[in-house]
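This briefing concerns selected side-chain contacts. Please consult the sequence and the structure shown below before turning to the points that follow.

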Amino acid sequence: QVKLFIGFYVTFVLVVLCADLYHRKVVLPRLRSQAVAGMAGDESSVGGGSAVDRFVSKFSNYQGEEGWEDNEGGVVLRSDKKKKKKKERKREEGEEETVDYSLMESFEIDDSSRRNSIDGTNVSTFEARTLYDGIVGGKDEVIESIEKWKEEAFGDDVKWYWKVNEVVLLPFTVARSASVCLTSKEEYNRGVLATSCIGSVFWVSFYLWFEHDVAVGPGLFYHLAVMTVVALVVLRFAKVSREKISPQNWIAVPLAMYGFVVAASWIDFIADQLVEVLQFLGVVLRIPSSILGLTILAWGNSVGDLSTNMSMAKRGLANMSITACFAGPVFNLLVGLGVGFNLLNNSNGGGSSEVEFSPAIWTGLAFMFSHCVLILVAGVWWNDGFIPAKFGYISASIYIAYAITCCALEFS
């Protein structure tokens, strides 16, 4: 039943949320106080004395002097150490980081904000002085975002095949960026956010017409009028795009929820087209549907997660990246199966649907469970919280063995 699947997923999210809150509110403040007291090298004191504290600290990213260090009252993640060492090397070589103040010319800074910025007691952020200044600043931020993307996609250190991939995906990248509202600290850009508010109107209209045969009609103009006002509010009142910053909550929360719905429509659209292509290939090449799902469909489903998780890891968000590797499949299994079976049963008149566990499914379950156990063994017990790079070869080998085993079972 759909309630059972959704209940499992909500339980999973709540457990992760509680662990994260405990981390932020209990473990990190304790580690900061220990750093101030000069107790950073005492691993027995990390996480406190209780069994719960020791368990959470053992599975955390903040254990021992190798895992964290004091940084002006903060805690540095292991994944952030590489960035810090790079900055220290630049400072030793005499290279100074240049700051572009051009975006600040159209903003009003009062004396109290200037003083707080100087003495370091407050990190001040600024809004546009007028709507016109906001529009001009938003345009400059869009241009800055395009230049940043060009540097990341076509830089000298990027392989040629990744450059070709970016060129092929350019139309979809532009359409997606111009329609999905992103408010996270890593992706926030005020000009792009305002553009996506307006662009989402056209994408939603196209999606409803193409996927569900819904003629939007006059609703398109009402939707466009509302989102145009929202875009102007963003340009006028949202914070200037700066590194590691997000807009105010009263702007970020509603637009993040709206962006999630738009992103879900993108996923649904791409998934439908992918299934159509796979069915066409299966008919033409006479390949069983189970083999297509095991190979091409599985790869296509994972390409987006692969690129996103790699991008987050390269930015120093190792915890978020490794969590997404597990949270994505959990969401697909629980919410995807739960909602999917509910829709299927409703289309069949509210009856039940028979599910058969084929040998391929049991094989996949066995390989998945074995891989999860190996991750725990390699990451927690053998390497003290680190997953070594060489473990990737083990994961790839396990998947190849799984694919070969399932193909052999299907053709046997």
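R190 and E141 are both buried in this predicted model. The side chains of R190 and E141 meet in a salt bridge, with an N to O distance of 2.9 Å. Because R190 belongs to helix α8 (residues 190-212) and E141 to helix α6 (residues 131-154), the pair ties together parts that are 49 residues apart in sequence.

**Salt bridges**

- The structure holds 2 salt bridges, and one of them is the pair R190 and E141.
- D133 and R129 also meet through their side chains in a salt bridge, at 3.6 Å from N to O.
- D133 is buried, having a relative accessible area of 11%, whereas R129 counts as partly exposed at 44% relative accessibility.

**Aromatic pairs and cluster**

- The count of aromatic pairs comes to 18.
- Among them is the pair of Y9 and F12, which is tilted, with 6.3 Å centre to centre and 40° between the planes.
- Helix α1 (residues 2-36) contains both Y9 and F12, which lie 3 residues apart, about one turn of the helix.
- F12 has a relative accessible area of 27%, so F12 is partly exposed.
- One aromatic cluster is formed by W203, F206, Y207, W209, F210, W266 and F269.

**Charge over a ring**

- R236 lies over the face of the F237 ring, at 4.7 Å from the ring centre.

Definitions and conventions: Residues are numbered from 1 along each chain as its sequence is written. This is a predicted model: local features need pLDDT of at least 70, side-chain atom pairs count only at pLDDT 80 or more; totals for chains, interfaces and linings use all residues. Side-chain values use heavy atoms; hydrogens and water are left out. A salt bridge is a side-chain nitrogen of Lys or Arg within 4 Å of a carboxyl oxygen of Asp or Glu. Buried means under 20% relative accessible area, exposed over 50%, partly exposed in between (1.4 Å probe, protein chains only). Helices (H or I, at least four residues) and strands (E, at least two) are DSSP runs, numbered from the N terminus. Rings of Phe, Tyr and Trp (its six-membered ring) pair if their centres lie within 6.5 Å; planes under 30 degrees apart count as stacked, over 60 as edge-to-face and the rest as tilted. A charge sits over a ring if NZ of Lys or CZ of Arg is within 6 Å of the ring centre and within 35 degrees of the ring normal.
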